[in-house]
Every structure is written in C-alpha cells, then in structure tokens.
Amino acid sequence: MIDVPMMDSIGDMLELAIMCCDRPPKALAADIGYSVDSIYSACKNARAIPNKARQKLSQMNSIAASAVALEATGFMKLFGYQKVDRHVQSMILRLKKQDKEVFVLLEDLPTILLDKNDRKDLSENELNDLELTAHRLVDRANSTINLIMELEYKYGLGVTQYMQGKEKSPVLAHRRLS
C-alpha cells in the first residue's frame, strides 16, 4: 500500500497552477474578470475562490481545475496534489503499483458481493474488504489525476480542454485520418 503525502492547501495548489501557466497574474486576473488581489487572497487561503471565477480558473490548467474541485468538494484524497517525485516515469511506476494492488482487491469483489444487496448482507470481513477496495480505488484515481496534471504541464497535451469537452479526442481524430 502506498501512502502519498498531499499538498496542504488549496491556496498552494492555486499558486502552483498560476506559476505553471506562464502568464503574469495581472493577465490571468483580466482573463477571469477578477482583481489580482482576489486571486492572491485565494492563494493565501484568506478567501475562497470566487464562485464565478471557478470555471474560468479551471480552464487554465488541470492543476487549477483540481484546486477548484478540491475546494468545492473537500475531497483531498481524490483531487489533492501529491507531494512526491513528480518525474513522469516515477508517477507511472507508482500508478502501475497501485493498479496491481487494486487488481488483486477487485479479483474477489464479485464473489464477495454475490447476492449481497445491502450493507447488512455483508459480514464484517467482507465489509472491511469492500471498504479497503473503495479506498484504494480513490487513491488510484488520485494518482491518475496527478499523472494527467504532470503530463499536461510537461507536454501541453490539451487535456484540460479535452476534459471540458472543448476538443475531440485526438485518438479518434487520428483513427479517422488513418
């Protein structure tokens, strides 16, 4: 099991997202229609990200989108920024390790859940196995999100626009051209 440390605050994630977009804060503030002070206040955790600015901030990059999602949901284990070796190969290896752990846990799940319609139908051991599997799935999803953040930042793949439905899948476009 991998226990991954997370960045402590939404403001830190937002500040990182701003640094990663290579645009001056004044230009970003103009783009989203808010003052530089309101953005800096959100980065310092002195105020929440303005509601009307959330979608525009999310369009900046996947780190900003995760910061907005984290603030809106409080789901640190899902949307949190991992404070780990962010080298792409390291992140891929971490994700592959989690995939193996989750695969093993998922192997027995259909049998455990067979004819179980409700929590009360599960034994204590079955419930523990189910909870562990769900937690590992969340951890794996977070690693996937973090890998996407890193790939988007390093290689500018347009994943942020794709997730927003603004771009078609490049895989599908490539298949049409072939």
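Colleague: How many positive and negative side chains does the chain have, and how far apart do the centres of the two sets lie?

Modeller: Lys and Arg count as positive and Asp and Glu as negative, while His and the chain ends are not counted. Each charge is placed at NZ of Lys, CZ of Arg, CG of Asp or CD of Glu. In this chain there are 24 positive and 24 negative side chains, and the centres of the two sets are 8 Å apart. This is a predicted model, in which local features need pLDDT of at least 70 and side-chain atom pairs count only at pLDDT 80 or more, whereas totals for chains, interfaces and linings use all residues. Residues are numbered from 1 along each chain as its sequence is written, and side-chain values use heavy atoms, with hydrogens and water left out.

Colleague: Which secondary structure does the chain have?

Modeller: Helices (H or I, at least four residues) and strands (E, at least two) are DSSP runs, numbered from the N terminus. The chain has 10 helices and 0 strands.

Colleague: At what angle do helix 2 and helix 3 pack?

Modeller: Axes are lines fitted to C-alpha atoms, for helices over the stretch in contact (heavy atoms within 4.5 Å), and angles run from 0 to 180 degrees between N-to-C directions. Helix 2 (residues 25-32) packs against helix 3 (residues 36-43) at about 105 degrees, with their axes 8 Å apart. Helix 2 is therefore roughly perpendicular to helix 3 (65 to 115 degrees). Pro25, Lys26, Leu28, Ala29 and Ile32 of helix 2 make the contact with Val36, Ile39 and Tyr40 of helix 3.

Colleague: What share of the residues is buried?

Modeller: Buried means under 20% relative accessible area, with a 1.4 Å probe and protein chains only. Of the 178 residues, 36% are buried.

Colleague: What box do the C-alpha atoms fill?

Modeller: Along the principal axes, the box is roughly 55 × 50 × 30 Å.

Technical notes. Buried means under 20% relative accessible area, exposed over 50%, partly exposed in between (1.4 Å probe, protein chains only). Angles under 35 degrees count as roughly parallel, over 145 as roughly antiparallel, 65 to 115 as roughly perpendicular and the rest as oblique.
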